[in-house]
Amino acid sequence: MDGSTNSLDDVSAGSSAEFPDRLSLMEVRLQAQEDEITLLKSSLADALRKLRLHDQQIPLLKQQLIAVNPGAARVLNQSFSIDGFSKPCRLSTSSLDGLHHPVNSHVSNSTENGEGSRAHSVPSLKAGTSDSSTQTDPWTPEPVRTPLAASKSLCLEDALPEGVSLMEEALNKLHQETQEEENNADEREKDRSWRSVVEEPIQPTSIRTLQQQQSKSSEESQGSAPQTPTSSSPAPPKEPSSSPHIGPLSPIMEGEKTLMRRNSEKLSKDTQDKTKQRMPKKAASSTNLLTRSPSLEGRAKDLLASTGTQGSRRGTQGQSIKMFIRGRPITMYVPSNIQNYDELKMDLPSEKLELDWVYGYRGRDCRGNLYMLPSGEAVYFLACVVVLYHVTKRTQRHYRKHTDCVRCLAIHPDKVLIASGQTAGVDKDGKPLQPFVHIWDSTTLVTLQQIGLGTFERGVGSVAFSNADAGAFLCVIDDSNEHMLSIWDWNRNTKVVEVKSTNEAVFAVEFNPADTNNIITCGKSHVYFWTLSAGTLTKKQGIFGKYKKPKFIMCFVFSLTGDVLTGDSEGNILTWGKSAADIKTLGKGAKETFQIMKQTRAHEGSVFTLCVLQGGALLSGGGKDRRIIRWSADLAPERECEIPEKYGAVRTIADVDGEELLVGTTRNAILRGTFSDGFVATVQGHVDEMWGLATHPFQNIFLTCGNDKQVCVWNAEEHSLSWCTTLEESGLCADFSPNGAVVSVGLSTGRWLVLDLQTREVVSDLIDGNEQLSVIRYSPDGSFVAVGSHDNFIYIYIVTEGGRRYTRFGKCTGHSSFITHLDWSKDGKYIMSNSGDYEILYWDVAGGCKLLRNRYESKDREWASYTCVLGFHVMGVWLEGSDGTDINALCRSHSERVVAVADDFCKVHLFQYPCPKPKAPSHRYEGHGSHVTNVRFTHCDSHLLSLGGKDTCILQWRIKRSGAADNKDHPNFSLPPSTSTSSSDPRNQREKELG
């Protein structure tokens with residue numbers, strides 16, 4: 001039995017070991033099949049190429065003849081015949097235009113829209129006849145082919161004057177090159193490794209027959225102009241040949257890779273008709289393969305140069321650049337208007353960002369973080385920013401010297417200085433950033449002191465200024481396991497004493513207002529009374545005695561009489577006092593203790609906050625019951641009110657003027673009001689991670705959505721929340737329709753909703769797949785909408801009735817991982833998309849949601865928006881060694897000047913656009929305390945919006961333009977105007993000092 005078991009284990013182990021080998025073998029076979037398909041296509045393309053170049057030599061030779069002997073023009077106008085067919089000479093149309101320019105080709109659509117086509121001028125052939133068709137049209141990048149038509153009695157050699165060696169050399173070169181290629185092909189045919197894919201070469205009779213048929217059709221449309229190339233980008237000239245025969249094997253270069261090309265079609269008299277039907281489709285795709293061949297282009301340029309033709313091709317044609325993410329190569333093709341990629345210079349953009357507004361408040365997990373200043377400003381924090389919000393003027397100022405999330409605040413007794421402590425973080429390399437406390441001036445926003453760098457662990461949980469000595473000392477409790485308590489002489493930046501506090505969580509710390517040597521801390525299952533004596537801190541545990549010990553002491557304050565009042569998780573307010581030592585119980589030598597003097601039932605659920613008013617009255621805020629109660633000095637209830645459920649529980653209370661209050665809530669809102677008039681929200685925000693962000697096409701409003709299932713529409717000009725609705729599922733992506741009437745929101749279950757901005761109602765409810773949707777984008781004219789899903793598909797819908805009716809049009813299938821980003825072309829016919837495996841694909845939506853196999857064709861296409869993180873134009877935003885998740889989102893400005901980037905290290909970057917070279921410089925901005933999930937420009941590029949992940953923060957940045965950036969010309973690939981980052985303006989100097 002044991003032997004059989006061991007044998008089964010061996011078999012299982014062997015199978016497991018063989019699985020990777022089998023998988024690798026299958027991948028090799030798949031790659032081999034793809035290579036064979038490429039070779040088969042290239043063989044057919046070779047045949048067509050030689051036909052075109054064979055016809056192309058006629059006008060070239062005629063140009064040379066006329067240049068040397070003008071009298072030859074009269075002779076060349078006479079008719080002659082080839083292969084027994086006699087026709088008048090026409091040089092303006094191609095005999096095989098129908099083959100190379102199929103009517104339904106999706107590539108020709110982009111060319112009709114004027115994308116990337118160029119023309120090289122060639123001297124026209126002046127003939128001694130009034131027929132305009134004898135003149136040569138301008139030579140487009142796709143060489144124009146001319147059907148041969150003449151009489152038997154005359155050949156080109158007969159028209160040559162004596163002693164013209166230039167033409168003889170050109171003809172000899174053509175024949176020699178063709179002969180060498182045929183000889184090499186015969187030798188390669190002996191290679192037996194390609195036996196399975198080698199078939200008979202295309203017969204010349206078949207080509208001639210096909211040429212004759214197409215020549216007849218082209219004769220019927222003599223007056224028509226040559227059609228545009230099949231590729232959206234110009235194709236290089238092809239290798240010339242004077243023979244219609246095609247060798248069975250010839251090399252083609254693509255970048256640095258050499259592919260071996262073989263004939264794949266077996267043409268006979270019985271199958272000629274069938275082949276003619278296939279030829280137009282194969283020609284379009286096969287010629288695209290040749291347009292990427294720099295080696296063929298070089299040979300063609302050499303030949304044209306040898307025959308004296310004017311005009312040369314751009315050296316960057318067919319050039320591609322590769323970048324690697326996690327070892328995977330990503331090929332990006334250089335656009336045609338790049339003269340020399342290596343000489344491109346990436347400069348800092350002229351535009352800069354300035355923090356304009358912070359949306360939100362951190363009340364869900366922080367306490368004691370809302371205070372009023374005599375200046376009329378409320379102080380609170382969110383992410384890495386401390387906000388000073390003027391309640392009546394509705395303006396904001398920002399303290400931004402922290403490098404990670406702010407966790408606590410304390411106000412100095414002079415009501416001007418503020419201490420703020422932050423948590424520890426990590427930099428982009430994963431190295432820890434040490435926490436510290438900053439003491440700064442709330443009037444000038446100047447940092448006065450940095451406390452505890454290298455001393456605190458994990459973060460700073462609580463801070464407090466002393467009161468009795470005019471705030472000379474600062475008490476700090478960190479977030480280490482022992483919750484170290486330290487006292488600092490902050491003016492000298494020296495630590496007075498440090499001691500272990502407790503292993504349990506600590507929620508608050510305060511100095512006794514009357515005695516700096518007495519400190520109180522509270523938290524989980526404890527309230528400690530500390531005494532500083534001779535440089536040593538000693539603590540005493542509060543005694544609960546006959547009262548039930550609560551699980552948490554949530555908060556405490558000092559009454560005007562000096563008593564300590566605590567609020568706990570049982571909903572009680574406890575009054576603490578000193579009592580004489582109980583010698584009978586504790587024995588001789590017992591010391592005084594702190595015991596509960598009174599217990600007052602206050603709230604159902606926890607008491608989250610206590611606030612003492614100027615007259616001695618007390619305010620308490622409840623958690624579960626959401627009530628705010630005003631108590632007299634002897635703890636008799638006087639008034640109460642309840643805040644709306646949608647704002648959550650009461651987190652903290654700040655006294656404005658004795659009557660008006662500010663209330664921070666657990667759902668990240670700040671309410672303003674009175675007991676008489678009630679409370680309204682003056683600051684609101686999300687309460688969970690956000691991903692969806694969309695800006696209105698012509699108004700200063702934007703939409704956000706996230707894991708808290710809220711969809712919020714904000715007014716960027718008024719800095720306010722216009723309206724908010726709650727969904728059944730998390731919203732992960734959104735986009736406004738171009739008419740601005742509706743907005744679509746993609747959810748986490750495959751559903752997506754269309755909301756009317758005026759009525760706020762759902763006008764359409766659709767579902768695609770059962771996985772989360774990651775991106776949704778309307779086409780520029782609003783006739784289509786594309787929905788990218790984690791099921792690897794892009795769903796296309798036709799949009800009618802002003803965005804209120806949606807009909808499935810098709811589905812883009814081809815990605816091997818989930819869709820991350822997508823953009824529409826300016827003509828609304830194509831889509832560029834990125835996926836989770838770092839793939840860039842292009843789609844012909846108008847042609848039936850077809851995948852464009854040849855990405856080279858899309859290199860010159862213009863995009864209505866640019867949010868894809870992978871692409872040639874934004875390649876420079878990636879840092880060296882990036883793992884593919886370092887950049888969460890990017891967005892190009894509507895002016896196409898700059899591109900904003902949201903990275904995974906809490907930073908927002910501003911790059912020059914386009915940004916196609918590695919290590920491009922950028923302006924970097926801090927403020928978020930978590931990964932930045934999304935960025936978008938407003939419709940007029942006046943502001944940039946950025947979303948934080950776990951910090952639930954929305955930052956609105958004002959875009960500052962300077963100098964040359966004010967002109968309306970968009971940047972191009974040439975050297976952009978340089979800007980200076982230094983300025984004599986004192987305001988700029990102050991910005992530099994304040995960071």
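This report looks at aromatic rings, and the charges over them, in a predicted model.

## Ground rules

Residues are numbered from 1 along each chain as its sequence is written, and side-chain values use heavy atoms, with hydrogens and water left out. Local features need pLDDT of at least 70 and side-chain atom pairs count only at pLDDT 80 or more, while totals for chains, interfaces and linings use all residues.

## A stacked pair

Rings of Phe, Tyr and Trp (its six-membered ring) pair if their centres lie within 6.5 Å; planes under 30 degrees apart are stacked, over 60 edge-to-face, and the rest tilted. That rule gives 24 aromatic pairs. One of them is the stacked pair of Tyr399 and Trp440, at 4.2 Å centre to centre with 5 degrees between the planes. Tyr399 lies in strand E11 and Trp440 in strand E16, so the pair ties together parts 41 residues apart in sequence; strands here are DSSP runs (E, at least two residues), numbered from the N terminus.

Tyr399 has a relative accessible area of 1% and Trp440 has 0%; both are buried (under 20% relative accessible area, 1.4 Å probe, protein chains only).

## An edge-to-face pair and its cluster

The ring centres of Phe544 and Trp576 are 5.3 Å apart and their planes meet at 80 degrees, so this pair is edge-to-face. Phe544 sits in the loop between strands E25 and E26, and Trp576 in strand E28. Phe544 is buried at 8%, as is Trp576 at 2%. Together with Phe529 and Phe594, these two form one aromatic cluster.

## Charges over rings

A charge sits over a ring if NZ of Lys or CZ of Arg is within 6 Å of the ring centre and within 35 degrees of the ring normal. Lys539 lies over the face of Tyr528, 4.1 Å from the ring centre, and Lys859 over that of Tyr856, at 5.0 Å.

Key:
Helices (H or I, at least four residues) and strands (E, at least two) are DSSP runs, numbered from the N terminus. Buried means under 20% relative accessible area, exposed over 50%, partly exposed in between (1.4 Å probe, protein chains only).
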